[in-house]
Amino acid sequence: MLAKEDIEEGEVLFTIPRSALLYQRTTAVSALLEKEAESLQSSSSWVPLLLALLHEYTSPQSHWKPYLSLWPDFRRLDHPMFWSKEERDELLRGTGVPEAVDKDLSNIQREYEDVVLPFMIRHPDLWNPKRHTGELYTELVAFVMAYSFQEPQEDEDEDEEEKPPNPPMMVPMADILNHVSNHNANLEFSADSLKMVSVRRIRAGEEVFNTYGQMANWQLLHMYGFTEPYPNNSNDTADVPAANLHKAAVQAAQSDSERAMMEERWEMLSETMQDREAFIFSEHGCLTDSELHTALKIFCMSEEEFSDFKENEGWEEDDEDEEQISQAFSNDGLPGLKPSWKRLIHEAARLTVQSYGGGEDRDRVLMKDEEALKGLNSRQQRALQVRFGQRRILCRLMELTES
């Protein structure tokens, strides 16, 4: 979408009435989906929308046919889930994308077989498994990933229980806009409509860009099938798996007893960190600084301190506040960390870089050679942007933690 004339900050570019949204409450089968909502529960919470899309996409009488006919082939989205496993593993090794896709495909298959298929069989007048196949279901998942919107939850009181996220919905017109981190428009939600509003001045001829959130390139590729060219994505990140910090701590141990102690600390740390599988770094420092701070303290504390830690089931209120910790793990603060902490971060980052399987010099040459870059196919180009951006962040982290 391009601006035909200058647009000032705060202008409403277009308004979409809620009646024009496609989701489980507006579909022709909404009453049935509502009636049987309990049987459609799943870990993704997407099943009602996907059943609505299966019905509307294949119904000649669908109210949404003009909208859905814009996508005659969902595979053109070209998410990594549509690449071969060999291609994903070769081009995206170390980036976290192959693992995320494998998990997605496993969950999609389970959801289709355990929830969707039994429901369709109970309602043969509306769905037919021979037409509404697992393959089409997977393609519609990619469609929802790439084009749907989720309405943010209203601010909750601290005493209230955390509500589940709102289900996704398809928003015609708004999904035309592309994403960049430095966007110039934003979707706003109100009781009766959704409005696309300019967040800064847009000059005539400029493209109007929405934001899908603060997304790193690996997330953009995984969820939407595209990347921002380096160095445009100011939200790019690289993950350092917590397992690599554990491996670095075990490698640094000088004896079997020290190694056993590190394993015990890792076990306790795993309980403390719950679902945190990696520490996230941006071009400015660590975004998960409190978790990394906790991990380093546990791995590097003395035997006596660890004994007290176990006895007290944790430590008393930390002297350092959140702002101090955030500063300590920023790029400015990292060189000033304790030497033992820097060694562990450095080694964990090195192990992470190693997981990409080489090719760093080749990638660097490709990024500087426009003609060579044009010689790559679109999948190779997008994978290169993910790999290169992540490696740059990790290599900078290694420089900052060099002893």
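Visitor: Is the crossing of α5 and α6 left-handed or right-handed?
Guide: The α5/α6 crossing is right-handed (near helix turned clockwise from the far one by less than a right angle). This is a predicted model, with pLDDT of at least 70 needed for local features and 80 or more for side-chain atom pairs, while totals for chains, interfaces and linings use all residues. Numbering runs from 1 along each chain as its sequence is written, and side-chain values use heavy atoms, without hydrogens and water.

Visitor: At what angle do the axes of α5 and α6 cross?
Guide: At roughly 120°, and the axes of α5 (residues 97-122) and α6 (residues 134-147) come within 10 Å.

Visitor: New topic. Is Ser62 buried or exposed?
Guide: Ser62 is buried, at 9% relative accessible area (the cut-off is under 20%, with a 1.4 Å probe). Ser62 sits in the loop between α2 (47-58) and α3 (65-68).

Visitor: What lies 3.0 Å from its side chain?
Guide: The backbone nitrogen of Trp64 is 3.0 Å from a polar side-chain atom of Ser62.

Visitor: And how do α8 and α9 pack?
Guide: Helix α8 (residues 242-252) meets helix α9 (residues 256-273) at about 160°, with axes 9 Å apart. The pair is therefore roughly antiparallel, and the crossing of α8 and α9 is right-handed. Among the residues in contact are His246 of α8 and Trp266 of α9.

Note on methods. Axes are lines fitted to C-alpha atoms, for helices over the stretch in contact, and angles run from 0 to 180 degrees between N-to-C directions. Helices (H or I, at least four residues) and strands (E, at least two) are DSSP runs, numbered from the N terminus. Buried means under 20% relative accessible area, exposed over 50%, partly exposed in between (1.4 Å probe, protein chains only). A polar contact is a pair of N or O atoms within 3.5 Å; within protein, one must be able to donate a hydrogen and the other to accept it, and residues adjacent in sequence count only if both atoms are side-chain atoms. Angles under 35 degrees count as roughly parallel, over 145 as roughly antiparallel, 65 to 115 as roughly perpendicular and the rest as oblique. Contact means heavy atoms within 4.5 Å.
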